[in-house]
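Please read the points below alongside the coordinates.

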Amino acid sequence: QLAIGAGLFFIVLGAPAGVEISLGSIMLGFSFSFCSMLVYFLLFACIELISFWADNIWNLIIMVRFITALLGGELLPLSLFPDWSQAFLHSLPFAYFASFPVRCFLGEITFPEYISGLGMLLIWGVFFGLLLKVVWNRGSRRYTGVGI
């Protein structure tokens, strides 16, 4: 669906000025999107496993989705944030869920920046993976089903 929509967009309207989409940028974008989806899954799996202890976590999930969208560049471009916050925003995983993959697709990311972004995703993936393991082990030991 994405390919059809993007293809129709470029056929009808043409490529915007300054955008250089190539096969390489599309490959970088898809590979980075796949890696960011894995880290996104680990983050939300950690949050959803809080249901071992709490009955209603829907509000927490919505809050984290909003924070992810705001600090990841989905609601506002990250370039609109103050200069002093740019380094902080890029040290968090949220920018690598939306803003960075889009920049990869648009060809705005160089290969060294791509490798740096993958490194940051790897660090966050390991962190969330270890946290998920801890939460799962603690929760599965204390969980008891009611009404079963």
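**Notes on the predicted model**

1. I123 has its place in helix α6, where helices (H or I, at least four residues) and strands (E, at least two) are DSSP runs, numbered from the N terminus. At 57% relative accessibility this residue counts as exposed, given that buried means under 20% relative accessible area, exposed over 50%, and partly exposed in between, with a 1.4 Å probe and protein chains only. The C-alpha atoms of I123 and H90, which are 33 residues apart along the chain, are separated by 13 Å.

2. On provenance, this is a predicted model, in which local features need pLDDT of at least 70 and side-chain atom pairs count only at pLDDT 80 or more, while totals for chains, interfaces and linings use all residues. Residues are numbered from 1 along each chain as its sequence is written, and side-chain values use heavy atoms, with hydrogens and water left out.

3. The protein has six helices and zero strands, so that its pattern, read along the sequence, is α-α-α-α-α-α, by the DSSP definition already given. Its radius of gyration, taken over C-alpha atoms, is 19 Å, whereas a compact globule of 148 residues would have a value near 15 Å, by the rule of 2.2 Å times the number of residues to the power 0.38. Along the principal axes, the C-alpha atoms fill a box of roughly 60 × 35 × 25 Å.

4. Buried residues make up 32% of the 148 residues. The protein exposes about 10000 Å², of which carbon and sulfur atoms supply 71%, the areas coming from the Shrake-Rupley method with a 1.4 Å probe. Among contacts (heavy atoms within 4.5 Å) between residues at least 6 apart in sequence, 65% join residues at least 24 apart.

5. Helix α1 (residues 2-12) is hardly covered, the count of buried residues among its 11 residues being zero. Just after α1, G14 takes a positive phi of about 80 degrees.

6. The largest nonpolar core has 31 residues, and F32 and L43 touch the most other members; such a core is a set of buried Ala, Val, Leu, Ile, Met, Phe, Trp, Tyr and Cys residues joined through side-chain atoms within 4.5 Å. The elements giving two or more residues to this core are α2 (23-48), α3 (58-72), α5 (99-105) and α6 (111-142). Helix α2 supplies the largest share, nine residues. As background, nonpolar side chains in soluble globular proteins tend to be buried together.

7. What does F32 contact, leaving aside its neighbours within four places in sequence? The list consists of Y96, F100, P101, C104, Y114, G117, L118 and L121.

8. L43 is found in helix α2 and counts as buried at 8% relative accessibility. Not counting residues up to four places away in sequence, L43 touches T68, F94, F97 and F128. L43 and G73, by contrast, are 30 residues apart in sequence and 17 Å apart in space, C-alpha to C-alpha.

9. F44 is also found in helix α2, and it counts as buried because its relative accessibility is 7%. Its contacts, leaving aside neighbours within four places in sequence, are I61, V64, R65 and T68. The C-alpha atoms of F44 and L132, although 88 residues apart along the chain, are separated by 9.4 Å.

10. Finally, on charge placement, the mean positions of the 6 positive and 7 negative charges are 21 Å apart. Here Lys and Arg count as positive and Asp and Glu as negative, with His and the chain ends not counted, and the place of a charge is taken as NZ of Lys, CZ of Arg, CG of Asp or CD of Glu.
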